[in-house]
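Hi everyone, thanks for making time. Have a look at the structure on the screen, and I'll walk you through it.

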Amino acid sequence: MDIEGFVRRNIESMDEESVKRVLSERIMELKDIDIETSMKMAEAVVYEVKKTLELEGVDETLREIVSYPSAGVAMGEMGVGSRGEGDFFVHRKIAEIVSSTGTSAFINPSAQDDGGVVKTSAGSSEVYITTAVDGIHSRLSEYPFLGGFHVTRAALRDVCVMGSRPLALLSDLHLADDGDVGKLFDFTAGVSAVSELVGVPVVAGSTLRVGGDMVLGDRLVSAVGAIGFSETPPTARKRAEAGDVILLTEGSGGGTITTTAIYHGLFDVVWETLDVNFIRASEAIMDAGILGDIHAMTDVTNGGLRGDAHEISSTTGVGLEFDAEAIRSMINPRVLEMLEDLEIDPLGVSIDSLMIIAPEDIADKAMAAVRGAGVDVAEIGVVTDSGIPLLNRDGSAEELRPLFREAAYTQIKKMVGDKTPEDFDEMKRMVEEAARRAIEKKDMVVQMIRDR
């Protein structure tokens, strides 16, 4: 529970003593303390929040700096983090803020790619440094080892698909005030298991409480970053071109499939997700010496194949044509059975496959290399010049569109639904305005500091 957030929401609609009393009761629900101590905590929170609201006489510019450009649209309403149309839109706005800095990168967030890349010199040679970061699946807070295992794989995947060899891992741990310290160790063990399996060391990290003293409970919110390098330009999505062949490795899922299995009581499926086949497949391609001839690689994660196909088409202008049965053949049979039994669209969730886009002769070499590493792979489609991602199924073609949210894979997600809100255009306008104001604020502060 965010006790500071509780006070901020209620300080103007309730009298101060009522806010303290109710907050004190909520605190005792989560902490084993007496009424006197909980009341003192409540009084301290109310005091601090009230001080932040005393802005009379504060310089107008400083007031703008300490406030944020409210969009009037909540994360859940917009579908942020739910790997669908709303999420993609917000990420494009974030990329615009980053791009407004004028700083250069070989691949920056505006490419909506898996990782970012900078080019630098090492002696007389040029090298490409790739970075990526992924957050733990929100529903794996109670399963720290699995959360750490899968988020580490995710970060490594994002480096690998850019054509980089992973060099190092970073771990960022945030555990709420009442969380058992054992969660830290279990998460780190999950990270370290992947580290050991692929031979990439964990070199640094940070451990903090979620919200410090202001968030009660035991929620784990953590992330893992990965760093890699290559001596050849990365396999960015923008290199895909008409005539290329699309390959897909077998996917057994990661955090999303694990969450689906656990929260439907299908624990045996969790075993299917515990592998490092993606990294092995990527390394096999690098070892085969064909990386420079591959036009694009990506992991089928954000919003499933629907989301990835949409992102590739929208950022490159090419079309993609897929064969539905070929895709099904590359989903782990036990995972596919679970998804279909639960009526979850396999194309709308993360299955953690490696998708490779390459000229036909290179695609043959890629399949041989991947199979040589013990990972199954198949041709699932071709790149066209239509500009539209299409799925061929039962003799007919349908456009692959991302849903507003990824396919609902838990009961609570099914309740929330994946339908686009009727006022989505207005929500986008409000979000765009908030992003614009954020850029203006950034520009103002940068100029002020430079003028000092």
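Predicted model: local features only at pLDDT ≥ 70, side-chain atom pairs only at ≥ 80, totals over all residues.

Let's start with a pocket. The lining of the second largest pocket has 15 nonpolar, two polar and one charged residues. For those classes, Ala, Val, Leu, Ile, Met, Phe, Trp, Tyr, Cys and Pro count as nonpolar, Asp, Glu, Lys and Arg as charged, and the others, Gly among them, as polar. This pocket holds about 290 Å³ of space. Of its 18 lining residues, Ala71, Val73, Val90, Val431 and Ala434 are the closest to the centre. Three helices, α5 (75–78), α6 (85–99) and α17 (424–451), each give at least two residues to that lining.

Residues are numbered from 1 along each chain as its sequence is written, and side-chain values use heavy atoms, with hydrogens and water left out.

And what's a pocket here? On a 1 Å grid over the protein atoms alone, a pocket is an open set of points with protein on both sides within 12 Å along at least five of seven lines, whereas a cavity is a set where a 1.4 Å probe fits but cannot get out; lining residues have an atom within 4 Å of a point. Points are joined across faces, edges and corners, and the volume is the space filled by probe spheres set on them.

OK, the whole chain. How many helices and strands does the protein chain have? There are 17 helices and 12 strands; those are DSSP runs numbered from the N terminus, with helices being H or I of at least four residues and strands E of at least two. The radius of gyration is 24 Å, close to the 22 Å that the globule rule gives for 452 residues, so the chain is as compact as a globular protein of that length. That radius is taken over C-alpha atoms, and the rule is 2.2 Å times the number of residues to the power 0.38. Along its principal axes, the C-alpha trace spans about 75 × 55 × 50 Å.

Buried residues make up 47% of the 452, where buried means under 20% relative accessible area, exposed over 50%, and partly exposed in between (1.4 Å probe, protein chains only). Among contacts (heavy atoms within 4.5 Å) with a separation of 6 or more, 78% join residues 24 or more positions apart.

Now the cavities. Searching the whole structure turns up two of 30 Å³ or more. The largest cavity has about 90 Å³ of space, and its lining divides into two nonpolar, five polar and four charged residues. Arg153, Glu250, Asp275 and Asp352 are among the residues lining it. The second largest cavity has a volume of about 30 Å³. Its lining has eight nonpolar residues, with no polar and no charged ones; Leu248, Val300 and Pro346 are among them.

Aspartate 352 has a positive phi of about 60° although it is not a glycine. Most residues other than glycine have a negative phi. Aspartate 352 sits in the loop between α14 and β9, and it is buried, with a relative accessible area of 10%. Glutamate 343 also has a positive phi, about 55°, without being a glycine, and lies in the loop between α14 (333–341) and β9 (354–358). Is glutamate 343 buried or exposed? Its relative accessibility is 72%, so it counts as exposed.

Last stop, a few residues in helices. Phenylalanine 6 is in helix α1 (residues 3–10), and at 5% relative accessibility it counts as buried. Which residues does phenylalanine 6 contact, leaving aside neighbours within four places in sequence? They are Met1, Val19, Val22, Leu23 and Arg26. Glutamate 36, in helix α3 (residues 35–52), is exposed, with a relative accessible area of 52%. Lysine 365, in helix α15 (residues 360–372), counts as partly exposed at 47% relative accessibility. Lysine 365 and alanine 288 are 77 residues apart in sequence and 8.2 Å apart in space, C-alpha to C-alpha.
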